[in-house]
Amino acid sequence: VQLQASGGGLVQPGGSLRLSCAVSRRIFSFDAAAWYRQTPGKQRDLVATITTGGSTNYADSVKGRFTISRDNGKNTVYLQMNSLKPEDTAVYYCNARDDYNTYWGRGTQVTVSS
């Protein structure tokens, strides 16, 4: 299984970005998909999750600003990020898990700076 994250970049505070995670297997075959982020020297933190049933969960720091969604037909998971803050700067990783494994994609850098 391969996951390919894209959509990162440089954005000013208050701006928006949409990250995409293309999955090489049908995403409804997974129990859940998620986005994590990591800054240098720190652990990788959970940002948002979406289950097969469509339930979503968010870190407190991004509630009301970020939205996770998926397109089953395109086997893609998205993270819409609005009202971005400098503290959102990180490498963002997508993740999917089934009953047997957890799969990770390569990260995409998001930098929020003026």
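**Reading strands and salt bridges**

Me: Let's start with strand S4: how many of its 7 residues are buried?

Reply: Buried means under 20% relative accessible area, exposed means over 50%, and partly exposed is in between (1.4 Å probe, protein chains only). In S4, 5 of the 7 residues are buried, so the rest of the structure largely encloses this strand. Keep in mind that this is a predicted model, where local features need pLDDT of at least 70, side-chain atom pairs count only at pLDDT 80 or more, and totals for chains, interfaces and linings use all residues. Residues are numbered from 1 along each chain as its sequence is written, and side-chain values use heavy atoms, leaving out hydrogens and water.

Me: Which strand runs antiparallel to S4 and is joined to it by 7 bridges?

Reply: Strands of a sheet pair through backbone hydrogen bonds, either parallel or antiparallel. A strand is a DSSP run of E with at least two residues, numbered from the N terminus, and two strands pair if DSSP finds at least two bridges between them. Here the answer is strand S9, residues 90–97. Look for alanine 34, whose bridge partner in S9 is asparagine 95. S4 is also joined to S5, by 6 antiparallel bridges. For that pairing, find tryptophan 35, which sits opposite alanine 48 in S5.

Me: What happens at glycine 41, in the hairpin of S4 and S5?

Reply: Glycine 41 takes a positive phi near 80 degrees there. The hairpin has 6 residues between its two strands.

Me: What is the strand order in the open sheet of 4 strands?

Reply: Trace S1-S3-S8-S7, with antiparallel pairing. Strand S1 (3–6) and strand S7 (66–71) stand at the edges with a single partner strand each, so one side of each has no neighbour in the sheet. In that order you'll also find S3 (residues 17–23) and S8 (residues 76–81), which pair in the antiparallel sense over 6 bridges. A handy place to look is serine 20, with tyrosine 78 of S8 opposite.

Me: On to charges: how many salt bridges are there?

Reply: Side chains of opposite charge can pair when their charged atoms come close. The rule for a salt bridge is a side-chain nitrogen of Lys or Arg within 4 Å of a carboxyl oxygen of Asp or Glu. In this model the count comes to 4. One of them pairs arginine 25 with aspartate 98, and their closest N and O atoms are 3.0 Å apart. These partners come from distant parts of the chain, 73 residues apart: arginine 25 is in the loop between S3 and S4, and aspartate 98 is in the loop between S9 and strand S10 (102–104).

Me: Is aspartate 98 buried or exposed?

Reply: Aspartate 98 has 12% relative accessibility, so it counts as buried.

Me: What is the relative accessible area of aspartate 60?

Reply: Aspartate 60 is at 65%, so it is exposed. Its salt bridge is with lysine 63, with the closest N and O atoms 3.1 Å apart. Lysine 63 is partly exposed, at 48% relative accessibility.
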